[in-house]
Amino acid sequence: MGGSFREAHTLAHRHQPGHLYLRTIAPRRRLAIGSLLDHWARYHPDKTAVLCGGERISFARHQQRVRTCAAALHTMGLQRGDAVAVFMGNRIELLELYRACALLGLVMVPVSPLLQAPGVAMVLD
């Protein structure tokens, strides 16, 4: 059966505008999260990595955007183990930030934009 069914399922199952979809197929060998994107960008650069609304991003482009984000986080002085609070809805940039944090060993703390001020304060404490 291979990965084609899972791939098609991930990209097509219940596709709705405003939802974020990404490929979930793993290579045959174990890779760290940071290396997984490198693997797919190297071997399948033109395949769709992320689908959000009508926007499709290839693995090569996604990798480039993740690395750009990681470089920006690094220049901010963030170091392995630091926490990064993110106040953002489901969008491509959220996934890129998550993967950039994984590359640098940062801990991403997603904060739902639906939370009221007391809930945000509790998460950030």
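Start by selecting Glu 93, which is partly exposed, with a relative accessible area of 32%. Here, buried means under 20% relative accessible area, exposed means over 50%, and partly exposed is in between, using a 1.4 Å probe and protein chains only. Before we move on, a word on what you're looking at. This is a predicted model, where local features need pLDDT of at least 70, side-chain atom pairs count only at pLDDT 80 or more, and totals for chains, interfaces and linings use all residues. Residues are numbered from 1 along each chain as its sequence is written, and side-chain values use heavy atoms, with hydrogens and water left out.

**Stop 1: the salt bridges**

For a salt bridge, a side-chain nitrogen of Lys or Arg has to be within 4 Å of a carboxyl oxygen of Asp or Glu. The pair links distant parts of the chain, with Glu 93 in helix α4 and Arg 65 in helix α3, 28 residues apart. Helices (H or I, at least four residues) and strands (E, at least two) are DSSP runs, numbered from the N terminus.

Are Glu 96 and Arg 65 buried or exposed? Both are buried.

Next, pick Glu 55. It makes a salt bridge with Arg 65 too, with 3.9 Å between the closest N and O atoms. Glu 55 sits in strand β3 (residues 55-58) and Arg 65 in helix α3, 10 residues apart. At 41% relative accessibility, Glu 55 is partly exposed.

Select Arg 91 as well, and you have a network of salt bridges linking Glu 55, Arg 65, Arg 91, Glu 93 and Glu 96. How many salt bridges does the structure hold? Five. As background, side chains of opposite charge can pair when their charged atoms come close.

**Stop 2: a hairpin**

From Glu 55, look across to Cys 52, which stands opposite Glu 55. You're now looking at β2 and β3, which pair in the antiparallel sense over four bridges. Two strands pair if DSSP finds at least two bridges between them. The hairpin has two residues between the strands, and Gly 53 takes a positive phi near 60° there. Color β2 on its own: five of its five residues are buried, so β2 is largely enclosed by the rest of the structure.

**Stop 3: two rings**

Select Trp 40 and Phe 59. A search of the whole structure finds one aromatic pair, and here it is: Trp 40 and Phe 59 are stacked, 5.6 Å centre to centre with 25° between the planes. Rings of Phe, Tyr and Trp (its six-membered ring) pair if their centres lie within 6.5 Å; planes under 30 degrees apart count as stacked, over 60 as edge-to-face and the rest as tilted. Trp 40 lies in helix α2 (residues 33-43) and Phe 59 in helix α3 (residues 59-75), so the pair ties together parts that are 19 residues apart in sequence. Trp 40 is buried, at 10% relative accessible area, and so is Phe 59, at 5%.

**Stop 4: a parallel pair**

Show β4 (residues 83-87) and β5 (residues 107-111), which pair in the parallel sense over five bridges. To get from β4 to β5, the chain crosses through helix α4 (residues 92-104), and this β-α-β crossover is right-handed. That means that, with the strands pointing away from the viewer, the path from the first strand over the helix to the second runs clockwise. Click Phe 87 and find its bridge partner in β5, Val 111.

**Stop 5: the loop and the whole view**

Jump to Asp 46, in the loop between α2 and β2 (48-52). Asp 46 is exposed, at 72% relative accessibility.

Finally, zoom out. Of the 125 residues of the protein, 32% count as buried.
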